[in-house]
Amino acid sequence: MTWLPRLRLGLLIVAVVVLQTTVFSAGLRVFGVTPDLGLVLTVAVACSWGPERGAVFGFVTGLAVDLFLSTPLGVSALSFALVGYGAGIVHGGLLRPSRWTAPTMGALAGLAGGVLFVGISAVAGREALLSLTSARIILIASVYDALLAFAMFPIARWATEVRRDGVQGALGYPSIGR
Amino acid sequence: MVAYQRTNRRPILVLLIVTAVALITLDVRGSGPISTVRGGAHDVVDPIAGALDTVFSPVGDWIDGVTKAASLKDENARLRRRLDAARGEQAAARAAVEENKDLRKLLDLPFAADANAVAAPVVEGAPGNFELTVQIGKGASDGVGADMPVVTGAGLVGRVVEVSRDRATVLLMNDPQSGVGVKMERTGTFGVAKGRGDTGTLRVDFVDPNADVTAGEVVSTAGVQNSPFPAGIPVGTVSKATRTPGDLQLDVLVKPLVDFSHLDYVKVLRTPSGR
(Lines give C-alpha, C1' and ligand atoms only; values in the text may rest on other atoms or scores of the structure.)
Protein backbone atom coordinates (compact mmCIF):
# COMPACT_ATOMS: atom_id res chain seq x y z
CA MET A 1 0.00 0.00 0.00
CA THR A 2 1.41 3.36 -0.90
CA TRP A 3 1.58 6.28 1.50
CA LEU A 4 -0.79 8.45 -0.55
CA PRO A 5 -4.04 6.66 0.38
CA ARG A 6 -3.00 6.68 4.04
CA LEU A 7 -2.34 10.41 3.89
CA ARG A 8 -5.66 11.06 2.21
CA LEU A 9 -7.53 8.92 4.72
CA GLY A 10 -5.74 10.64 7.60
CA LEU A 11 -6.79 14.02 6.30
CA LEU A 12 -10.32 12.71 5.80
CA ILE A 13 -10.48 11.58 9.42
CA VAL A 14 -9.43 15.03 10.59
CA ALA A 15 -11.95 16.70 8.28
CA VAL A 16 -14.78 14.40 9.39
CA VAL A 17 -14.06 14.96 13.09
CA VAL A 18 -13.88 18.74 12.65
CA LEU A 19 -17.12 18.81 10.65
CA GLN A 20 -18.88 16.49 13.11
CA THR A 21 -17.92 18.51 16.18
CA THR A 22 -18.40 21.96 14.68
CA VAL A 23 -20.64 22.39 11.66
CA PHE A 24 -23.03 19.49 12.22
CA SER A 25 -23.26 19.83 15.99
CA ALA A 26 -23.84 23.57 15.89
CA GLY A 27 -26.26 24.04 13.02
CA LEU A 28 -26.84 21.22 10.54
CA ARG A 29 -29.13 19.16 12.72
CA VAL A 30 -32.34 17.65 11.40
CA PHE A 31 -34.99 17.36 14.13
CA GLY A 32 -32.17 17.82 16.61
CA VAL A 33 -30.13 14.89 15.27
CA THR A 34 -26.65 14.92 13.71
CA PRO A 35 -25.44 12.35 11.18
CA ASP A 36 -22.62 9.89 11.86
CA LEU A 37 -20.04 11.17 9.40
CA GLY A 38 -17.27 8.96 10.71
CA LEU A 39 -19.46 5.87 10.54
CA VAL A 40 -20.53 6.50 6.94
CA LEU A 41 -16.92 7.11 5.94
CA THR A 42 -15.89 3.88 7.67
CA VAL A 43 -18.46 1.89 5.71
CA ALA A 44 -17.38 3.56 2.48
CA VAL A 45 -13.74 2.68 3.14
CA ALA A 46 -14.69 -0.88 4.11
CA CYS A 47 -16.54 -1.29 0.81
CA SER A 48 -13.40 -0.23 -1.04
CA TRP A 49 -10.75 -1.88 1.11
CA GLY A 50 -12.35 -4.88 2.75
CA PRO A 51 -13.38 -5.86 6.26
CA GLU A 52 -9.96 -5.89 7.97
CA ARG A 53 -8.89 -2.47 6.82
CA GLY A 54 -12.41 -1.20 7.27
CA ALA A 55 -12.32 -2.32 10.91
CA VAL A 56 -8.94 -0.66 11.51
CA PHE A 57 -10.06 2.56 9.83
CA GLY A 58 -13.29 2.50 11.82
CA PHE A 59 -11.36 2.03 15.05
CA VAL A 60 -9.09 5.00 14.38
CA THR A 61 -11.96 7.22 13.23
CA GLY A 62 -14.14 6.23 16.17
CA LEU A 63 -11.30 6.95 18.56
CA ALA A 64 -10.91 10.43 17.09
CA VAL A 65 -14.65 11.07 17.50
CA ASP A 66 -14.60 9.72 21.07
CA LEU A 67 -12.15 12.47 22.08
CA PHE A 68 -14.98 14.97 21.73
CA LEU A 69 -17.80 12.99 23.34
CA SER A 70 -18.68 12.63 27.00
CA THR A 71 -19.21 8.87 26.63
CA PRO A 72 -16.23 6.64 27.55
CA LEU A 73 -13.29 6.68 25.17
CA GLY A 74 -13.43 3.59 22.97
CA VAL A 75 -17.20 3.25 22.58
CA SER A 76 -17.31 4.82 19.11
CA ALA A 77 -14.04 3.10 18.23
CA LEU A 78 -15.51 -0.33 18.99
CA SER A 79 -18.84 0.46 17.28
CA PHE A 80 -17.20 1.79 14.13
CA ALA A 81 -14.72 -1.11 13.97
CA LEU A 82 -17.47 -3.72 14.18
CA VAL A 83 -19.66 -1.94 11.62
CA GLY A 84 -16.71 -1.49 9.28
CA TYR A 85 -15.88 -5.17 9.54
CA GLY A 86 -19.46 -6.19 8.90
CA ALA A 87 -19.84 -3.78 5.99
CA GLY A 88 -16.73 -5.15 4.34
CA ILE A 89 -18.06 -8.71 4.59
CA VAL A 90 -21.53 -7.78 3.34
CA HIS A 91 -20.18 -5.81 0.42
CA GLY A 92 -17.81 -8.63 -0.47
CA GLY A 93 -20.83 -10.89 -0.85
CA LEU A 94 -22.74 -8.61 -3.19
CA LEU A 95 -23.38 -9.99 -6.65
CA ARG A 96 -23.52 -6.62 -8.36
CA PRO A 97 -23.32 -3.26 -6.60
CA SER A 98 -25.79 -0.66 -7.85
CA ARG A 99 -26.30 3.07 -7.44
CA TRP A 100 -28.47 2.38 -4.39
CA THR A 101 -25.80 0.34 -2.62
CA ALA A 102 -24.18 3.43 -1.09
CA PRO A 103 -27.30 4.92 0.58
CA THR A 104 -28.49 1.46 1.64
CA MET A 105 -25.14 0.69 3.24
CA GLY A 106 -25.15 4.15 4.82
CA ALA A 107 -28.58 3.63 6.36
CA LEU A 108 -27.81 0.13 7.59
CA ALA A 109 -24.52 1.38 9.04
CA GLY A 110 -26.38 4.13 10.85
CA LEU A 111 -28.82 1.64 12.35
CA ALA A 112 -26.20 -0.93 13.31
CA GLY A 113 -23.74 1.67 14.55
CA GLY A 114 -26.38 3.43 16.63
CA VAL A 115 -27.58 0.21 18.23
CA LEU A 116 -24.01 -0.87 18.98
CA PHE A 117 -23.13 2.53 20.43
CA VAL A 118 -26.15 2.53 22.73
CA GLY A 119 -25.58 -1.09 23.75
CA ILE A 120 -21.88 -0.69 24.47
CA SER A 121 -22.50 2.57 26.35
CA ALA A 122 -25.14 0.81 28.46
CA VAL A 123 -22.66 -1.92 29.35
CA ALA A 124 -20.14 0.81 30.24
CA GLY A 125 -22.58 2.33 32.72
CA ARG A 126 -24.85 4.56 30.63
CA GLU A 127 -28.02 2.50 31.04
CA ALA A 128 -30.18 5.59 30.59
CA LEU A 129 -29.43 5.50 26.86
CA LEU A 130 -31.64 2.41 26.53
CA SER A 131 -34.82 4.33 25.73
CA LEU A 132 -37.35 5.10 23.01
CA THR A 133 -35.67 8.48 22.58
CA SER A 134 -32.48 6.73 21.52
CA ALA A 135 -34.45 4.59 19.08
CA ARG A 136 -35.94 7.71 17.51
CA ILE A 137 -32.49 9.32 17.27
CA ILE A 138 -31.01 6.22 15.61
CA LEU A 139 -33.77 6.10 12.99
CA ILE A 140 -33.44 9.77 12.06
CA ALA A 141 -29.64 9.56 12.02
CA SER A 142 -29.69 6.53 9.71
CA VAL A 143 -31.80 8.43 7.16
CA TYR A 144 -29.38 11.35 7.38
CA ASP A 145 -26.48 8.88 6.96
CA ALA A 146 -28.10 7.42 3.85
CA LEU A 147 -28.25 10.88 2.27
CA LEU A 148 -24.65 11.66 3.16
CA ALA A 149 -23.51 8.32 1.72
CA PHE A 150 -24.08 9.68 -1.79
CA ALA A 151 -21.20 12.09 -1.17
CA MET A 152 -19.04 10.03 1.19
CA PHE A 153 -18.66 6.94 -1.00
CA PRO A 154 -17.09 8.76 -3.98
CA ILE A 155 -14.82 10.63 -1.55
CA ALA A 156 -13.74 7.34 0.04
CA ARG A 157 -13.19 5.83 -3.38
CA TRP A 158 -10.90 8.74 -4.30
CA ALA A 159 -9.03 8.50 -1.01
CA THR A 160 -8.41 4.76 -1.24
CA GLU A 161 -7.44 4.72 -4.89
CA VAL A 162 -4.02 3.09 -5.24
CA ARG A 163 -3.45 3.50 -8.97
CA ARG A 164 -5.34 5.46 -11.55
CA ASP A 165 -5.49 2.59 -14.05
CA GLY A 166 -8.50 1.09 -12.25
CA VAL A 167 -6.62 -1.95 -10.92
CA GLN A 168 -7.76 -1.35 -7.34
CA GLY A 169 -9.66 -4.60 -7.82
CA ALA A 170 -6.43 -6.45 -7.13
CA LEU A 171 -7.64 -6.67 -3.53
CA GLY A 172 -10.83 -8.24 -4.81
CA TYR A 173 -13.11 -5.38 -3.82
CA PRO A 174 -14.31 -3.44 -6.84
CA SER A 175 -15.48 0.04 -6.11
CA ILE A 176 -19.15 1.02 -6.07
CA GLY A 177 -20.55 1.89 -9.45
CA ARG A 178 -17.74 0.46 -11.56
CA MET B 1 -20.00 -13.13 -6.72
CA VAL B 2 -16.82 -11.13 -6.07
CA ALA B 3 -13.79 -13.35 -5.60
CA TYR B 4 -11.57 -12.33 -2.72
CA GLN B 5 -8.68 -13.78 -0.87
CA ARG B 6 -9.56 -15.23 2.49
CA THR B 7 -7.10 -14.02 5.07
CA ASN B 8 -7.00 -14.71 8.75
CA ARG B 9 -9.13 -11.77 9.84
CA ARG B 10 -9.80 -12.69 13.40
CA PRO B 11 -6.56 -11.56 15.10
CA ILE B 12 -7.02 -8.00 13.81
CA LEU B 13 -10.63 -7.77 14.90
CA VAL B 14 -9.90 -9.38 18.27
CA LEU B 15 -7.03 -6.96 18.86
CA LEU B 16 -9.24 -3.99 18.06
CA ILE B 17 -11.99 -5.24 20.36
CA VAL B 18 -9.58 -5.86 23.23
CA THR B 19 -7.97 -2.42 22.78
CA ALA B 20 -11.36 -0.69 22.72
CA VAL B 21 -12.55 -2.50 25.84
CA ALA B 22 -9.31 -1.57 27.62
CA LEU B 23 -9.76 2.09 26.71
CA ILE B 24 -13.39 2.08 27.84
CA THR B 25 -12.39 0.51 31.16
CA LEU B 26 -9.62 3.05 31.72
CA ASP B 27 -11.89 6.00 30.93
CA VAL B 28 -14.72 4.75 33.13
CA ARG B 29 -12.25 4.47 36.01
CA GLY B 30 -11.13 8.04 35.42
CA SER B 31 -7.77 7.96 33.70
CA GLY B 32 -5.87 11.25 33.89
CA PRO B 33 -3.95 10.86 30.59
CA ILE B 34 -7.20 10.36 28.69
CA SER B 35 -8.56 13.65 30.03
CA THR B 36 -5.31 15.34 29.02
CA VAL B 37 -5.56 13.96 25.50
CA ARG B 38 -9.18 15.11 25.26
CA GLY B 39 -8.20 18.60 26.33
CA GLY B 40 -5.42 18.67 23.77
CA ALA B 41 -7.79 17.58 21.01
CA HIS B 42 -10.17 20.39 21.92
CA ASP B 43 -7.30 22.90 21.90
CA VAL B 44 -6.51 21.89 18.33
CA VAL B 45 -10.06 21.89 16.99
CA ASP B 46 -11.56 24.87 18.84
CA PRO B 47 -9.99 27.64 16.68
CA ILE B 48 -11.19 25.86 13.53
CA ALA B 49 -14.63 25.48 15.09
CA GLY B 50 -14.93 29.21 15.62
CA ALA B 51 -14.10 29.98 12.00
CA LEU B 52 -16.43 27.32 10.60
CA ASP B 53 -19.26 28.40 12.83
CA THR B 54 -19.16 31.89 11.35
CA VAL B 55 -19.53 30.44 7.86
CA PHE B 56 -22.11 27.74 8.50
CA SER B 57 -24.39 29.20 11.19
CA PRO B 58 -26.68 30.90 8.61
CA VAL B 59 -27.20 27.53 6.96
CA GLY B 60 -28.05 25.98 10.31
CA ASP B 61 -30.47 28.81 11.06
CA TRP B 62 -32.19 28.22 7.71
CA ILE B 63 -32.61 24.51 8.39
CA ASP B 64 -33.97 25.29 11.84
CA GLY B 65 -36.41 27.74 10.32
CA VAL B 66 -37.69 25.12 7.90
CA THR B 67 -38.02 22.27 10.37
CA LYS B 68 -39.32 24.31 13.31
CA ALA B 69 -41.53 26.95 11.67
CA ALA B 70 -44.78 25.80 13.28
CA SER B 71 -43.30 25.43 16.78
CA LEU B 72 -41.60 28.82 16.49
CA LYS B 73 -44.96 30.52 15.83
CA ASP B 74 -46.51 28.78 18.84
CA GLU B 75 -43.55 29.66 21.02
CA ASN B 76 -43.76 33.31 19.95
CA ALA B 77 -47.40 33.55 20.98
CA ARG B 78 -46.71 31.76 24.29
CA LEU B 79 -43.80 34.06 25.11
CA ARG B 80 -45.88 37.17 24.42
CA ARG B 81 -48.51 35.95 26.88
CA ARG B 82 -45.81 35.21 29.47
CA LEU B 83 -44.30 38.65 29.00
CA ASP B 84 -47.61 40.29 29.73
CA ALA B 85 -48.03 38.24 32.90
CA ALA B 86 -44.43 38.90 34.00
CA ARG B 87 -44.89 42.66 33.76
CA GLY B 88 -47.73 42.43 36.22
CA GLU B 89 -45.63 40.45 38.70
CA GLN B 90 -42.58 42.68 38.41
CA ALA B 91 -43.54 45.21 41.02
CA ALA B 92 -44.30 42.57 43.66
CA ALA B 93 -41.01 40.81 42.89
CA ARG B 94 -38.99 43.98 43.44
CA ALA B 95 -40.25 44.31 46.97
CA ALA B 96 -39.55 40.63 47.69
CA VAL B 97 -35.97 40.91 46.40
CA GLU B 98 -35.22 43.85 48.66
CA GLU B 99 -36.62 42.07 51.67
CA ASN B 100 -34.61 38.96 50.77
CA LYS B 101 -31.38 40.95 50.58
CA ASP B 102 -31.94 42.44 54.00
CA LEU B 103 -32.72 39.05 55.54
CA ARG B 104 -29.64 37.41 54.02
CA LYS B 105 -27.40 40.14 55.32
CA LEU B 106 -28.81 39.50 58.76
CA LEU B 107 -28.28 35.74 58.49
CA ASP B 108 -24.94 35.99 56.64
CA LEU B 109 -25.82 33.08 54.31
CA PRO B 110 -23.67 32.35 51.22
CA PHE B 111 -25.59 32.87 48.02
CA ALA B 112 -24.73 31.58 44.64
CA ALA B 113 -25.17 34.90 42.90
CA ASP B 114 -22.38 36.42 45.00
CA ALA B 115 -19.88 33.70 44.01
CA ASN B 116 -16.83 34.45 41.89
CA ALA B 117 -18.17 33.78 38.37
CA VAL B 118 -17.33 34.20 34.71
CA ALA B 119 -19.90 34.73 31.96
CA ALA B 120 -19.50 32.61 28.84
CA PRO B 121 -21.27 32.33 25.50
CA VAL B 122 -22.69 28.98 24.41
CA VAL B 123 -20.88 28.30 21.15
CA GLU B 124 -21.87 24.77 20.14
CA GLY B 125 -24.22 21.97 20.92
CA ALA B 126 -23.35 18.35 21.65
CA PRO B 127 -21.10 16.70 19.04
CA GLY B 128 -23.00 13.43 19.35
CA ASN B 129 -26.64 12.36 19.49
CA PHE B 130 -26.59 10.59 22.87
CA GLU B 131 -25.41 13.29 25.22
CA LEU B 132 -26.91 16.56 26.34
CA THR B 133 -23.98 18.94 26.53
CA VAL B 134 -23.03 22.36 25.26
CA GLN B 135 -19.68 23.96 24.54
CA ILE B 136 -19.01 27.33 26.11
CA GLY B 137 -16.48 29.85 24.90
CA LYS B 138 -14.43 30.06 28.12
CA GLY B 139 -11.83 27.58 29.32
CA ALA B 140 -8.90 26.98 31.62
CA SER B 141 -7.29 30.27 30.63
CA ASP B 142 -10.34 32.06 32.10
CA GLY B 143 -10.28 30.15 35.37
CA VAL B 144 -12.88 27.55 34.39
CA GLY B 145 -12.34 24.13 35.93
CA ALA B 146 -14.00 20.72 35.89
CA ASP B 147 -17.03 20.20 38.18
CA MET B 148 -17.77 23.94 38.43
CA PRO B 149 -21.52 24.70 38.45
CA VAL B 150 -23.01 26.54 35.50
CA VAL B 151 -26.07 28.78 35.89
CA THR B 152 -28.18 31.35 34.10
CA GLY B 153 -30.42 34.03 35.55
CA ALA B 154 -33.21 31.43 35.66
CA GLY B 155 -31.33 28.75 37.56
CA LEU B 156 -29.04 25.75 37.35
CA VAL B 157 -27.82 24.69 33.91
CA GLY B 158 -25.38 21.92 34.78
CA ARG B 159 -21.68 21.47 35.51
CA VAL B 160 -18.40 21.61 33.64
CA VAL B 161 -17.12 18.13 32.69
CA GLU B 162 -14.26 18.80 30.24
CA VAL B 163 -11.98 21.82 29.99
CA SER B 164 -9.52 22.88 27.33
CA ARG B 165 -7.56 26.08 27.09
CA ASP B 166 -10.31 28.28 25.63
CA ARG B 167 -13.47 26.19 25.84
CA ALA B 168 -15.32 23.91 28.17
CA THR B 169 -17.98 21.23 27.92
CA VAL B 170 -21.02 21.60 30.17
CA LEU B 171 -23.14 18.56 31.04
CA LEU B 172 -26.72 19.81 31.16
CA MET B 173 -29.00 19.00 34.06
CA ASN B 174 -31.44 17.13 31.81
CA ASP B 175 -28.74 14.64 30.75
CA PRO B 176 -29.40 11.26 32.41
CA GLN B 177 -25.81 11.31 33.69
CA SER B 178 -26.50 14.48 35.70
CA GLY B 179 -27.38 14.40 39.38
CA VAL B 180 -27.57 17.07 42.09
CA GLY B 181 -28.69 17.11 45.73
CA VAL B 182 -31.79 19.30 46.03
CA LYS B 183 -34.11 20.64 48.68
CA MET B 184 -37.78 21.56 48.48
CA GLU B 185 -37.90 25.17 49.62
CA ARG B 186 -41.24 24.97 51.42
CA THR B 187 -40.75 21.80 53.46
CA GLY B 188 -36.96 21.38 53.46
CA THR B 189 -37.32 17.84 52.07
CA PHE B 190 -34.11 16.53 50.49
CA GLY B 191 -33.63 14.42 47.38
CA VAL B 192 -31.38 13.88 44.35
CA ALA B 193 -32.51 15.40 41.03
CA LYS B 194 -31.53 13.48 37.90
CA GLY B 195 -31.97 14.25 34.24
CA ARG B 196 -34.50 12.46 32.06
CA GLY B 197 -33.27 13.45 28.61
CA ASP B 198 -35.63 15.38 26.37
CA THR B 199 -38.74 14.60 28.45
CA GLY B 200 -38.70 18.15 29.82
CA THR B 201 -38.59 17.09 33.47
CA LEU B 202 -36.12 15.97 36.12
CA ARG B 203 -36.77 13.07 38.47
CA VAL B 204 -36.06 13.52 42.17
CA ASP B 205 -35.00 10.30 43.90
CA PHE B 206 -34.72 9.37 47.58
CA VAL B 207 -37.60 11.57 48.70
CA ASP B 208 -39.20 10.47 51.93
CA PRO B 209 -42.46 8.72 50.95
CA ASN B 210 -44.23 10.57 53.77
CA ALA B 211 -42.97 14.02 52.77
CA ASP B 212 -45.51 16.75 52.06
CA VAL B 213 -44.50 17.77 48.54
CA THR B 214 -46.96 19.67 46.37
CA ALA B 215 -46.99 20.78 42.75
CA GLY B 216 -45.53 24.23 42.14
CA GLU B 217 -43.08 24.00 45.02
CA VAL B 218 -39.65 25.53 44.27
CA VAL B 219 -36.68 23.14 44.28
CA SER B 220 -33.12 24.42 44.73
CA THR B 221 -29.67 22.92 45.25
CA ALA B 222 -29.09 21.57 48.74
CA GLY B 223 -25.35 22.28 48.94
CA VAL B 224 -24.63 18.98 50.69
CA GLN B 225 -21.12 18.11 51.78
CA ASN B 226 -18.66 17.44 48.93
CA SER B 227 -21.21 18.56 46.35
CA PRO B 228 -19.81 20.83 43.63
CA PHE B 229 -23.08 22.79 43.72
CA PRO B 230 -23.42 25.47 46.42
CA ALA B 231 -26.75 25.75 48.20
CA GLY B 232 -29.55 27.94 46.99
CA ILE B 233 -29.33 27.72 43.19
CA PRO B 234 -32.88 27.37 41.81
CA VAL B 235 -33.37 24.13 39.90
CA GLY B 236 -37.06 23.97 39.05
CA THR B 237 -40.61 23.60 40.32
CA VAL B 238 -42.39 20.39 41.26
CA SER B 239 -44.70 19.34 38.44
CA LYS B 240 -45.94 16.09 39.95
CA ALA B 241 -45.61 14.26 43.27
CA THR B 242 -47.10 10.76 43.33
CA ARG B 243 -47.39 8.54 46.35
CA THR B 244 -47.77 4.84 45.56
CA PRO B 245 -48.59 2.55 48.51
CA GLY B 246 -45.64 0.35 49.40
CA ASP B 247 -43.06 2.45 47.55
CA LEU B 248 -39.86 3.36 49.37
CA GLN B 249 -39.81 6.88 47.99
CA LEU B 250 -42.14 9.57 46.70
CA ASP B 251 -42.21 9.90 42.90
CA VAL B 252 -41.39 13.55 42.26
CA LEU B 253 -40.98 15.18 38.86
CA VAL B 254 -39.53 18.68 38.55
CA LYS B 255 -39.89 21.09 35.65
CA PRO B 256 -36.53 22.87 35.22
CA LEU B 257 -36.48 26.65 35.31
CA VAL B 258 -33.87 26.77 32.56
CA ASP B 259 -34.82 26.23 28.91
CA PHE B 260 -31.96 23.96 27.84
CA SER B 261 -32.83 24.26 24.15
CA HIS B 262 -32.31 28.03 24.14
CA LEU B 263 -29.05 28.77 25.90
CA ASP B 264 -27.09 31.76 24.66
CA TYR B 265 -25.07 32.91 27.67
CA VAL B 266 -24.30 31.17 30.94
CA LYS B 267 -22.30 31.89 34.07
CA VAL B 268 -19.67 29.53 35.48
CA LEU B 269 -19.37 29.70 39.25
CA ARG B 270 -15.70 29.42 40.11
CA THR B 271 -16.25 27.54 43.35
CA PRO B 272 -13.40 26.08 45.43
CA SER B 273 -14.69 22.52 44.77
CA GLY B 274 -14.07 22.91 41.05
CA ARG B 275 -10.81 21.44 39.70
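This is a predicted model: local features need pLDDT of at least 70, side-chain atom pairs count only at pLDDT 80 or more; totals for chains, interfaces and linings use all residues.

Colleague: At what angle do helix 5 of chain A and helix 1 of chain B pack?

Modeller: The axes of helix 5 of chain A and helix 1 of chain B are 8 Å apart. Their crossing is left-handed. The packing angle is about 160°.

Colleague: How many nonpolar residues does the contact of helix 5 of chain A with helix 1 of chain B have?

Modeller: From helix 5 of chain A come A:Val75, A:Ala77, A:Leu78, A:Ala81 and A:Tyr85. They meet B:Leu13, B:Leu16, B:Ile17, B:Ala20, B:Leu23 and B:Ile24 of helix 1 of chain B. By class, this contact has no polar and no charged residues, and the nonpolar count is 11.

Colleague: Which helix of chain B gives the largest share of the side that touches chain A?

Modeller: In total, 48 residues of chain B are in contact with 50 residues of chain A. Helix 1 (10–28), helix 2 (32–67) and strand 5 (168–172) of chain B each supply at least two residues of the side that touches chain A. By class, that side divides into 28 nonpolar, 12 polar and 8 charged residues. The largest share, 16 residues, comes from helix 2 of chain B.

Colleague: Is helix 3 of chain A largely enclosed or exposed?

Modeller: Helix 3 of chain A has 13 residues and reaches 18 Å from its first C-alpha to its last, close to the 18 Å expected. The residue that follows helix 3 of chain A is A:Gly50, whose phi is positive, near 100°. Since 13 of the 13 residues of helix 3 of chain A are buried, this helix is largely enclosed.

Colleague: How many charged residues are in the contact of helix 3 of chain A with helix 7 of chain A?

Modeller: Helix 3 (residues 37–49) and helix 7 (residues 132–160) of chain A pack at an angle of about 50°, with their axes 8 Å apart. That makes helix 3 of chain A oblique to helix 7 of chain A. The contact includes A:Val40 and A:Trp49 of helix 3 of chain A, and A:Met152 and A:Arg157 of helix 7 of chain A. The residues of this contact divide into 12 nonpolar, 2 polar and, for the charged class, 2.

Colleague: In which hand does helix 6 of chain A pass helix 7 of chain A?

Modeller: Helix 6 (residues 101–123) of chain A packs against helix 7 of chain A at about 145°, with axes 7 Å apart. Among the residues in contact are A:Gly106 and A:Gly110 of helix 6 of chain A, and A:Ser142 and A:Ala146 of helix 7 of chain A. By class, the contact has 16 nonpolar, 5 polar and 1 charged residues. The crossing is right-handed.

Colleague: Is B:Val144 buried or exposed?

Modeller: B:Val144 lies in the loop between strand 2 (133–136) and strand 3 (149–151) of chain B. Leaving aside neighbours within four places in sequence, B:Val144 has contacts including B:Val118, B:Lys138 and B:Val268. A residue needs 20 or more other C-beta atoms within 10 Å to be buried. With 23 such neighbours, B:Val144 counts as buried.

Colleague: How is B:Asp147 classed, with 16 other C-beta atoms within 10 Å?

Modeller: B:Asp147 is found in the loop between strand 2 and strand 3 of chain B. Phi of B:Asp147 is near 75°, a positive value in a residue other than glycine. With those 16 C-beta atoms, B:Asp147 is partly exposed.

Terms used. Residues are numbered from 1 along each chain as its sequence is written. Chains are lettered from A and ligands numbered from 1 in the order in which they are written. Axes are lines fitted to C-alpha atoms, for helices over the stretch in contact, and angles run from 0 to 180 degrees between N-to-C directions. Helices (H or I, at least four residues) and strands (E, at least two) are DSSP runs, numbered from the N terminus. Angles under 35 degrees count as roughly parallel, over 145 as roughly antiparallel, 65 to 115 as roughly perpendicular and the rest as oblique. Two residues are in contact if their C-beta atoms, placed from the backbone, lie within 7 Å. Ala, Val, Leu, Ile, Met, Phe, Trp, Tyr, Cys and Pro count as nonpolar, Asp, Glu, Lys and Arg as charged, and the others, Gly among them, as polar. The expected span of a helix is 1.5 Å times one less than its number of residues. A residue is buried if 20 or more other C-beta atoms lie within 10 Å of its own, exposed if 12 or fewer, and partly exposed in between; C-beta atoms are placed from the backbone. A crossing is left-handed if the near helix is turned anticlockwise from the far one by less than a right angle, and right-handed if clockwise.
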